[in-house]
Amino acid sequence: MRDDFAAAVAAQGKDDRISAILNDVCQFTGMGFAAVARVTEDRWIACQIVDRIEFGLDPGEELEIQKTICDDIRRSGEAIVIDHVAADTDWRTHHVPIFYGFQSYASFPILLADGSFYGTLCAIDPKPRLLRNTAAILAMQGYARSIADILSANMAVSLPSGD
């Protein structure tokens with residue numbers, strides 16, 4: 001891990017409930033990689049990961065923020081869902097899917113209890129997946145809200161009481 005901030009992010013993700021949600025994301029979507037990422041203006045840090053495709057990332061490790069789509073979500077506050085990168089005119093020449101080699105992508109903002117942006121719930125797979133449907137979108141939104149609730153509660157507990 002690069003520093004104390006990255007270590008703190010990884011510690012925030014050490015929660016069996018978050019791991020279970022990420023496993024559910026992979027099961028429900030058929031995707032091989034799901035992660036909770038802490039996304040700031042200049043950093044993308046893995047908080048918790050389920051990796052069935054050997055993407056090769058561990059909690060606390062980072063991706064270059066410019067080489068992520070999650071930065072777009074941080075700026076817009078909107079989810080991005082791609083069923084098949086190669087067949088999508090908006091994404092087939094985008095540098096991020098080309099660099100990482102994924103064909104399906106879903107990422108949803110995680111907003112903490114105070115309304116602040118924490119990061120994203122994201123999932124990728126080297127194969128196309130049918131994700132742009134109401135059931136998948138509603139499920140991913142629900143997963144992102146559940147993760148936000150867990151992180152908000154965990155972060156509130158870890159804050160000093162101020163006494």
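The dialogue below covers the sheet, helices, salt bridges and nonpolar cores of a predicted model.

Q: What kind of model is this, and how are its residues numbered?
A: The model is predicted, so local features need pLDDT of at least 70 and side-chain atom pairs count only at pLDDT 80 or more, while totals for chains, interfaces and linings use all residues. Residues are numbered from 1 along each chain as its sequence is written, and side-chain values use heavy atoms, with hydrogens and water left out.

Q: In what order do the six strands of the open sheet lie?
A: Helices (H or I, at least four residues) and strands (E, at least two) are DSSP runs, numbered from the N terminus. Two strands count as paired if DSSP finds at least two bridges between them. Here the order across the open sheet is E3-E2-E1-E6-E5-E4, and the pairing is antiparallel.

Q: Which strands stand at the edges?
A: Strand E3 (62-63) and strand E4 (80-82) do; each has a single partner strand, so one side of each is left without a neighbour in the sheet. E4 is joined to strand E5 (residues 104-111) by three bridges, and the two run antiparallel. Within that pair, Val81 stands opposite Ala106 in E5.

Q: Which strands does E6 pair with, and through how many bridges?
A: Six bridges join E6 to E1, and eight join E6 to E5; both pairs run antiparallel. Ile124 in E6 stands opposite Phe33, and Ile124 is also the bridge partner of Tyr105. E5 and E6 form a hairpin with five residues between them, and Gly115 in the turn has a positive phi of about 90°.

Q: How many residues of E6 are buried?
A: Burial is read from relative accessible area: buried is under 20%, exposed is over 50%, and partly exposed is in between (1.4 Å probe, protein chains only). In E6, eight of nine residues are buried, so the strand is mostly covered.

Q: Where do helices H1 and H2 lie on the sheet?
A: Contact means heavy atoms within 4.5 Å. Axes are lines fitted to C-alpha atoms, for helices over the stretch in contact, and angles run from 0 to 180 degrees between N-to-C directions. Helix H2 (residues 16-29) lies across E1, E2 and E6, running at about 65° to E2.

Q: What does the salt bridge between Arg129 and Asp125 look like?
A: Their side chains meet at 3.2 Å, N to O. Arg129 is partly exposed at 24%, and Asp125 is buried at 4%. Elsewhere, salt bridges that share partners join Asp71, Asp72, Arg74 and Arg75 into one network.

Q: Which residues touch the most other members of the largest nonpolar core?
A: In soluble globular proteins, nonpolar side chains tend to be buried together. A nonpolar core here is a set of buried Ala, Val, Leu, Ile, Met, Phe, Trp, Tyr and Cys residues joined through side-chain atoms within 4.5 Å. The largest has 30 residues, of which Val25, Val36, Ile110, Tyr118, Leu121 and Leu151 touch the most other members. H1, H2, E1, E2, E5, E6 and helix H5 (134-158) each supply at least two residues of this core, and H5 gives the largest share, eight residues. Apart from this core lies another, of 22 residues, among them Phe33, Trp44, Ile49 and Tyr105.

Technical notes
A salt bridge is a side-chain nitrogen of Lys or Arg within 4 Å of a carboxyl oxygen of Asp or Glu.
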